[in-house]
Amino acid sequence: LTLADTLLQQGKYDDSQKYYTQAMVWYEEHNIPIPPIYAMNDEEALESYKQALQEYHASLSDSDGGGGNMDGARRQSIYDGTLDEEGGGYYGRDDNYEGDLQAGLGTIYLAQGQIGLAIECFAIAEKLYGTGELDRALADLKLNLAMAYFHGRRFQESANAHQRALEIYRELYGDNINPMMQEMEGFVDHFGAAVAAEDDYHGDIKKHIIDIDEFTQGLQNLTDSSESQPESEADDGNDEL
């Protein structure tokens, strides 16, 4: 799985899917235990997403035809602003916004190890995203869904979701481009270099992509160097008994 993820970050989608599928087959055929999730119990974030979803549904039910009577100048996507100028409610239905909320809930549930709830939220978000064009959010969702299926030991479904995520990344950005680095305006990588989103994903953004092999070797060299340092001497007070 680590190799599949590394290849994904290099934009080598066919190879990534090959190793991911092989891992799913291996886990199933040999009945290998699934690595545990390091549970995150972020109840505050969970409640925030739940509340936002409730408010969104309540605003839709209270609005007049879902904001259909508003003129074009006042109509604003929930995804961009969420509330109207008076703070009185949402302008209208926005499947992308609701999909983001469901996907966020699913991510938190997954981090908590609540696999069933995570898959349920991801499935709802997938339907909501499916009403629009392909975009990064749907690809990321599919990748998270693949992880949820994996932890639920639904290996074939995991491989299918992973493959669909890679297909969308490829369609959006092309091969040999790190999809995780795209559409991240203002992102600052681990080396302190600002990475601005580019209209042409095949242009200068390539210069900011980390070479995985060189980065890994650098970490290994640092580790080897640290291990070669002499251990600190024991506290003198501990030697005098």
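**Notes on the core and its rings**

1. Let's start with Phe122: leaving aside neighbours within four places in sequence, its contacts (heavy atoms within 4.5 Å) are Ala103, Gly106, Thr107, Leu110, Leu141, Asn144, Leu145 and Ala148. Keep in mind that this is a predicted model, with local features needing pLDDT of at least 70 and side-chain atom pairs counting only at pLDDT 80 or more, while totals for chains, interfaces and linings use all residues. Residues are numbered from 1 along each chain as its sequence is written, and side-chain values use heavy atoms, leaving out hydrogens and water.

2. Now the rings. There are 4 aromatic pairs (Phe, Tyr or Trp rings, the six-membered one for Trp, with centres within 6.5 Å; stacked under 30 degrees between planes, edge-to-face over 60, the rest tilted) in the count. Tyr27 and Phe150 sit edge-to-face, 5.0 Å centre to centre with 80° between the planes. Tyr27 is in helix H2 and Phe150 in helix H6, so this pair ties together parts 123 residues apart in sequence.

3. Phe150 also pairs with Phe155: the centres are 6.2 Å apart and the planes at 55°, so this pair is tilted. Phe150 is buried (under 20% relative accessible area, against over 50% for exposed and partly exposed in between; 1.4 Å probe, protein chains only) at 2%, and Phe155 is buried at 5%.

Conventions
Helices (H or I, at least four residues) and strands (E, at least two) are DSSP runs, numbered from the N terminus.
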